[in-house]
Amino acid sequence: MRRNRKKRFKSHQGRTLITDLNPSSPIAEQYRTIRTNISFSAVDDKINTLMVTSSNPSEGKSLTTANLAIVFAQQGSSVLLVDADLRKPTLHYTLQKSNTLGLSNYLVGAQTIESIVHNTSIDNLHAVTSGPIPPNPSELLGSKSMGNFIEESKHIYDVIIFDTPPVLAVTDSQILSSLCDGTILVTRNKQTEIDEARRAKKLLAQTNGRLLGTILNDAERKKENYYYYYGN
Ligand SMILES: Nc1ncnc2c1ncn2[C@@H]1O[C@H](COP(=O)(O)OP(=O)(O)OP(=O)(O)O)[C@@H](O)[C@H]1O
Ligand SMILES: [Mg+2]
């Protein structure tokens, strides 16, 4: 049986990725709805590069990014999931991969894309971890090298999804937003202040990033449904 041959993702932090673990769950269904909405949000321009951010820490950016990458991969797209949070990276824990080589190594010109990409146990899903934490994340993400990374990846993968730091804390996600086709803003139920979400939206707009929509993470469970909402 297909499911038995795969190693399920569960990190030492206890991070299970629900879309992989239980694809028929209502939460996985919500992620697929988000995937559909992303695909339909750009009628003329295809969304190849997508980033996920939020106003503040711990609102669910990394979890959302990983689950979105999985549902795109499950659809048959070739997906590259990239940890562009070079300050508090978590993808290597989530996927239980080595982080000796990653995005930061590529950005300083020390590695090729092929040498930093990890295959995963999920069909069509490939990953790039952050690499060693650099002293100058914003500078690296705003460098020509980052533009090259995106251009090169687009030739290899159908969808590239970036996990990023919070918008109100540092400029990294603003910088990346201007390089990506679309940005998703995660808000967390009972945590994100509306004013902060508005400020984040404003900051993203300043860099000509294209905000596709907002996800409400961790919403109250109602009749096993409506965990997540996606919309403008
Ligand atoms: N919907 C949810 N239900 C339960 N736990 C959640 C949910 N969303 C996030 N969490 C938990 O909250 C914590 C923060 O989530 P996550 O790491 O995805 O946030 P983040 O925005 O990437 O944080 P950071 O700003 O530190 O990068 C994690 O322990 C995660 O497992
Ligand atoms: Mg994170």
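1. Is Tyr106 buried or exposed? Tyr106 is buried, with a relative accessible area of 7%, where buried means under 20%, exposed over 50% and partly exposed in between, using a 1.4 Å probe and protein chains only.

2. This is a predicted model, in which local features need pLDDT of at least 70 and side-chain atom pairs count only at pLDDT 80 or more, while totals for chains, interfaces and linings use all residues. Residues are numbered from 1 along each chain as its sequence is written, and side-chain values use heavy atoms, with hydrogens and water left out.

3. Two aromatic pairs are present in the structure, a pair being rings of Phe, Tyr and Trp (its six-membered ring) whose centres lie within 6.5 Å, with planes under 30 degrees apart counted as stacked, over 60 as edge-to-face and the rest as tilted. Tyr106 and Phe149 make an edge-to-face pair, at 5.2 Å centre to centre and with 75° between the planes. Because Tyr106 lies in helix α6 (residues 103-107) and Phe149 in helix α9 (residues 144-156), the pair ties together parts that are 43 residues apart in sequence. Phe149 is itself buried, with a relative accessible area of 0%, and Tyr106, Phe149 and Phe162 form one aromatic cluster.

Technical notes
Chains are lettered from A and ligands numbered from 1 in the order in which they are written. Helices (H or I, at least four residues) and strands (E, at least two) are DSSP runs, numbered from the N terminus.
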